[in-house]
Amino acid sequence: MEKKLTMDKLVNLCKNRGFVFQGSEIYGGFANTWDFGPVGVELKNNIKRAWWKKFVQEDPSTYGVDAAILMNPKVWEASGHVQSFGDPKMDCKNCKTRHRADTIIENFSKGAISAEGMSDEEMEKYIEEHDIKCPNCGKRDWTPIRKFNPMFTTSRNMVGDEKDVVYLRPETCQGEYVNFLNVQRTMRAKVPFAIAQIGKSFRNEITPGNFLFRTVEFEQMELQMFCHEKDSMNFYNSYKERALKFVESLGLSEENLRFHDHDKLAHYAKAACDIQYNFPIGWQELNGVHHRGTWDLSRHGEYSGKNMDYLDPFTNERYTPNVIEYSIGADRLMLAIMCEAYEEEELENGETRIVMHFLPAIAPYKVAVLPLQKNLGEKAREVYGALSKEFMCDYDEAGSIGKRYRRQDEIGTPFCVTIDFDTLEDNSVTVRDRDTMKQIRLKIEELPAYIQKAIKF
Ligand code: ATP
């Protein structure tokens, strides 16, 4: 089966089939913001639910939280974001475009070099020695690297004094660190345990773009595992494996996934690895697994004045736990899943159909109810009413049955249930499978169990 996917094709399909619209479109848009439509919100919610199920529901050592987006500004001093964390940015003096020095190096080396952990001087030297040119105009005429703070700011009071500045969080993980003591105490949790969260983050990215890949507002699904140093490498390795298994379980294929271990690390980190996906724009980070040592809890201890140490009730040892972080963008994963699912299939009759082969568990709609003719609508609505109590269902009675099947293929609905005149006689319906296009006949009362079995995750 042949695949010819470009980002433009995907953006068009998303726009025309209700997955994703340009943000504020009627005002000409708002760069790098996207609105999820009726189909897209289902897909993204299903992805988030699948993640929560695997990492929170099925793991007794992981507790969920939903922390505030606006946090005490001291949090961002402790995390280092306020002072120094900004992205290393350079302007091309020739064409006046702005770029991230680390991204330029990583793209130039085709991912072989990770610039994370390189100083500004080291990056400037690398760019000069390798004669790396502006990807926009092809000249090498760079300004020196400057730091750029990616945090969006707002203010708490109407007057907007500098002292009232509040940040929109650029990462969700701080919500877990600041709740380490709360969760440990209220859940009577023993280290090792993890705190997980799904929520919005905001980054004033220098080089946003490529549709959902890099946006200024996005959702992260991530967890922080708190553990003793002696266990930390085991947890790090096991989260690498679990992270890979998870994305494979949602349908991403082995040949489009790879680990990318960082050889240069942030000063506090002990190990770091991304899982990369082979997007239409090339191999890019899908998620990260980072061994952050004791940096986060120590810093919050220092800045808040609270003791963030853990007293082991069995050994009486008091220590600052190490943190293993696993973080994946919900939007970026949705993009990868759409890329993987997309197929333009040549049919025997010479026509082409576009099919989104989503894993049924995460497909936006599980079933579409289609009366063969409009005058079968009453029976069809009865079937829809029964099925929609259990599944997200679509209902469509407009146009030829062939066109309606194609529409469902394009939004990845695994089953189409067609109501015909025989249905009125024998209470049975035709069930069409999205991938094989094979049709079987089932009794209406057999439908829920049939669908349930197929969507189990
Ligand atoms: P990148 O190198 O791509 O900027 P990062 O290393 O800054 O990513 P993390 O801070 O580790 O990313 O964030 C964890 C995950 O959140 C990423 O792996 C990605 O899936 C997602 N993510 C990060 N930034 C964005 C963004 N601007 N838009 C969409 N998703 C993002």
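The model is predicted, so local features need pLDDT of at least 70 and side-chain atom pairs count only at pLDDT 80 or more, whereas totals for chains, interfaces and linings use all residues. Residues are numbered from 1 along each chain as its sequence is written, and side-chain values use heavy atoms, with hydrogens and water left out.

Next, select the residues with a heavy atom within 4 Å of the ligand: 18 residues surround the ligand, and the closest are Glu205, Arg214, Thr215, Glu285 and Leu286. By class, this shell has 5 nonpolar, 7 polar and 6 charged residues, where Asp, Glu, Lys and Arg count as charged, Ala, Val, Leu, Ile, Met, Phe, Trp, Tyr, Cys and Pro as nonpolar, and the others, Gly among them, as polar.

Colour the strands β10 (217-227), β13 (282-291) and β16 (322-329), the elements that give two or more residues to the shell; β13 gives the most, with 5 residues. Strands here are DSSP runs (E, at least two residues), helices are runs of H or I of at least four, and both are numbered from the N terminus.

Now zoom out and colour domain 1 (7-67 + 172-338) and domain 2 (365-455), whose bounds come from an automatic or database domain assignment. Their centres, taken over C-alpha atoms, are separated by 37 Å, and 7 residues of domain 1 are in contact with 6 residues of domain 2, contact meaning heavy atoms within 4.5 Å.

Finally, move to the loop between α7 (180-186) and β9 (193-202), where Pro192 lies. A cis peptide bond joins Val191 and Pro192, with omega about 10 degrees. Arg188 is found in the loop between α7 and β9 as well, and its phi is near 50 degrees, a positive value in a residue other than glycine.
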